[in-house]
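Subject: Structure handover

Hello,

I am passing on the structure we spoke about. Please look through it first; my notes come after it.

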Amino acid sequence: MKRLLLLLLLLVGVWSWHERQALADFPGILSAYSAKEYCSCRFVMEFDVPYCQAYVGQYLPLSRLEETTQNRQVTAVGFGIERRARWQGAHEGCGLLP
Amino acid sequence: MNKALLAVLLSLTLLSTWALSQETWPQPDWPQAAEINRLAWCQVQAYAFAPRDDRNREGVRTDALLVIKQGQVVYEHYAAPTSAQTSHLTWSISKSVLATLLGVARQEVRFALEDPVARFYPPMQAHPAVRLQDLLHWASGLDWQEAYEYAPLHSSVVAMLYTRGREDMAAYTAARPPAAEPGQRFLYSSGDSNVLAAALRTMVGPERYRQYPWDALFTPLGITSAVWERDASGTLVGSSYLYMSARDLARIGLLMLRDGRWQSQQLLAKDWVVFNRTLFTKAVAEPGEANPGGHWWLNQPLPGGERPWPDAPAGTFAALGHWGQALYVVPDEQLIVVRYADDRDGQFQHNELLKRVLAAQSGGRP
């Protein structure tokens, strides 16, 4: 039994090493996706807040999604990672901030 | 003799002027057809705007449907909050509009299809054999995983748009390892489209690049609602982030329907639309999926295959995007269809919509 568990752990370890880059990137996807697409939903497509909240909603919930209407900036936090997007202009729409 | 020739020339000129004046153009806005058989459109309405399950985001969820026949609106309907004024996200329709924009640059003789991409985008020196036409066929041979929400861990497109690639999407793509010989294998890749968007900067010059989509294409067509987002390096997100109203997108459809001519001006190189509409025969048919042409999607069957959309003519071509976005052009019927949607599952079928639209526009005639 112990051996099986050890083998399983070893396999998970090998897989994690193999997938280290994808796994490291994964937690940032949710907040980046939400910040960017919510920003465009609000300030390019010009839909209302409840619609846009539902529009970007995923199975995994965000811990925070806020907009500053003044400078048209959106902050999203998920998995403890924060990403921001901002409206850049009438032709340029929204983009993620570095 | 000379007089006879002159007479022939004169009558030809008069005839073509007359023919041009018979065409309908959206100047300034799309004209409405005088008589619309509303009853005939019931089946279209029933399919596209079926009772909407927004709670579970299931089923066919059309936001906008616009049908143009011979330059006139024959059907138009929106589901709130989308309206005729909404600049709606087009997702991968952006790719085909980018190809149309490249057609203007081709008319300005800024590149040839056989040119190596590296000439216009130096990071592609890592892949010197990739030509512009390979990118346009989604056949760069660069390794790519195009999947969105179902495989986020390995999706190249998710990494490009939201994580490692988001600062410079073309550079992210150019750094991918090769997986096949360029031009030999169709592998749908948003990365290929963004390398094209980056190459356009060198083609037209960095000063013109910013305004180029508007100066070269949108303004001449009377498109006023377009928004085209960029990555942090300033490159157009040619793969995904073009927004415009349904009526404005139909203008792109009309330009394609009329072989790149807008009124009396040949905006796209004459052979460009032919290239867009020529099948990339190295692709492999997938049931129900349109076949790739030059950055547009075709209903022509691949050798040994069937028409992807059996109820639409083989000449039908389209620009297609994630979540059900579509711009269909049916030259046989002088028809343009724009559909915006928020389909989150696979229930919507292109063939079913086209079948019903084709039946309705003929007024019930078979």
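This is a predicted model: local features need pLDDT of at least 70, side-chain atom pairs count only at pLDDT 80 or more; totals for chains, interfaces and linings use all residues.

Chain A overall

Chain A contains three helices and four strands. Followed along the sequence, they come in the order α-α-α-β-β-β-β. The chain is more spread out than a compact globule, because its radius of gyration is 18 Å, well over the 13 Å that the globule rule gives for 98 residues. The C-alpha trace spans about 60 × 25 × 20 Å along its principal axes. Of the 98 residues in chain A, 35% count as buried. If you take the contacts in chain A between residues at least 6 apart in sequence, 51% of them join residues at least 24 apart.

Helix 2 of chain A

Helix 2 of chain A covers residues 20-43, which is 24 residues. At 1.5 Å a residue these should span 34 Å, and the end C-alpha atoms are 36 Å apart, so the two values agree. The helix is also bent, by about 40 degrees, at A:Gly28.

Strands of chain A

Strand 2 (residues 73-78) of chain A pairs with strand 3 (residues 81-89) of chain A in the antiparallel sense, over six bridges. Across this pairing, A:Gly78 stands opposite A:Ile81 of strand 3. The two strands form a hairpin with two residues between them, and there A:Phe79 takes a positive phi near 55 degrees.

Strand 3 of chain A also pairs with strand 4 (residues 93-96) of chain A, again antiparallel, over four bridges. A:Trp87 has A:Cys94 in strand 4 as its bridge partner. This second hairpin, of strand 3 and strand 4 of chain A, has three residues between the strands.

Nonpolar cores

The largest nonpolar core has 121 residues, and B:Val195, B:Ala318 and B:Val338 have the most contacts inside it. Which element gives the largest share of this core? That is helix 2 of chain A, with nine residues.

Leaving aside neighbours within four places in sequence, B:Val195 is in contact with several residues of chain B, among them B:Val117, B:Tyr121, B:Met124 and B:Leu135. Its contacts also include B:Ala170, B:Thr173 and B:Ala174.

A second, separate core has five residues, including B:Trp138, B:Ala139, B:Phe280 and B:Ala283.

Regards

Terms used
Residues are numbered from 1 along each chain as its sequence is written. Chains are lettered from A and ligands numbered from 1 in the order in which they are written. The expected span of a helix is 1.5 Å times one less than its number of residues. The bend at a residue is the angle between axes fitted to the seven residues ending there and the seven starting there. The radius of gyration is taken over C-alpha atoms; the globule rule is 2.2 Å times the number of residues to the power 0.38. A residue is buried if 20 or more other C-beta atoms lie within 10 Å of its own, exposed if 12 or fewer, and partly exposed in between; C-beta atoms are placed from the backbone. Two residues are in contact if their C-beta atoms, placed from the backbone, lie within 7 Å. Two strands pair if DSSP finds at least two bridges between them. A nonpolar core is a set of buried Ala, Val, Leu, Ile, Met, Phe, Trp, Tyr and Cys residues joined through C-beta atoms within 7 Å.
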